[in-house]
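Consider the fold and the surface of the protein shown here.

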Amino acid sequence: MNITNDIQFDGDNLDAAKGAGLISTIDRDMDIKVVPFESDNEKAPTHRVYVKSPRGHDNTSDDR
């Protein structure tokens with residue numbers, strides 16, 4: 001079986017784990033990174049998902 005959408009985390013504690021994976025669509029495959037996100041807002045997501053743009057730009061820097 002060929003898995004086309006997959007995220008692997010580096011630990012069992014998903015609140016602190018980082019992950020990497022692949023999301024496939026009809027016209028492209030996207031390598032993704034998943035990093036924990038801390039917030040005082042209890043409704044905030046626990047992680048952020050980053051993907052490289054088709055031109056190769058990596059949006060994971062914090063200096064936005």
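The report below covers the strands, their pairing, and the surface.

The structure is a predicted model. The protein has 64 residues, with 4 strands and 0 helices. Read along the sequence, the pattern is β-β-β-β.

**Sheet**

The 4 strands form an open sheet, ordered S1-S2-S3-S4, and the pairing is antiparallel. Strand S1, residues 6-9, and strand S4, residues 47-51, stand at the edges; each has a single partner strand, so one side of each is left without a neighbour in the sheet. On average, neighbouring strands of this sheet are turned by 20° against each other, with direction ignored. In a regular strand, side chains alternate between the two faces of the sheet.

Strand S2 spans residues 19-24, and strand S3 spans residues 29-36. S2 and S3 form a hairpin, with 4 residues between them. Two of the strand pairs are set out in the table, each with one of its bridges.

| S2 and S3 | antiparallel | 6 bridges | Gly21 with Ile32 |

**Surface and burial**

Of the residues of the protein, 11% count as buried. The accessible surface comes to about 5,600 Å², and carbon and sulfur atoms account for 48% of that area.

Which residues make the nonpolar surface patch of about 240 Å²? The patch is made by Ile7, Phe9 and Leu14. Leu14 is located in the loop between S1 and S2. Is Leu14 buried, exposed or partly exposed? Its relative accessible area is 45%, so Leu14 is partly exposed, given that this class lies between the limits of 20% and 50%.

**Contacts along the sequence**

Contacts between residues at least 6 apart in sequence were also examined for their separation. Of these contacts in the protein, 12% join residues at least 24 apart.

In outline, the model is an open antiparallel sheet of 4 strands, with S1 and S4 at its edges and a hairpin formed by S2 and S3. Its surface carries a nonpolar patch to which Ile7, Phe9 and Leu14 contribute.

Notes: Residues are numbered from 1 along each chain as its sequence is written. This is a predicted model: local features need pLDDT of at least 70, side-chain atom pairs count only at pLDDT 80 or more; totals for chains, interfaces and linings use all residues. Side-chain values use heavy atoms; hydrogens and water are left out. Two strands pair if DSSP finds at least two bridges between them. Axes are lines fitted to C-alpha atoms, for helices over the stretch in contact, and angles run from 0 to 180 degrees between N-to-C directions. Patches are made of residues with over 30% relative accessible area and no salt bridge: like charges are joined within 9 Å, nonpolar side chains (Val, Leu, Ile, Met, Phe, Trp, Tyr) within 5 Å. Accessible areas come from the Shrake-Rupley method with a 1.4 Å probe; for residues, only the protein chains shown count as cover. A salt bridge is a side-chain nitrogen of Lys or Arg within 4 Å of a carboxyl oxygen of Asp or Glu. Buried means under 20% relative accessible area, exposed over 50%, partly exposed in between (1.4 Å probe, protein chains only). Contact means heavy atoms within 4.5 Å.
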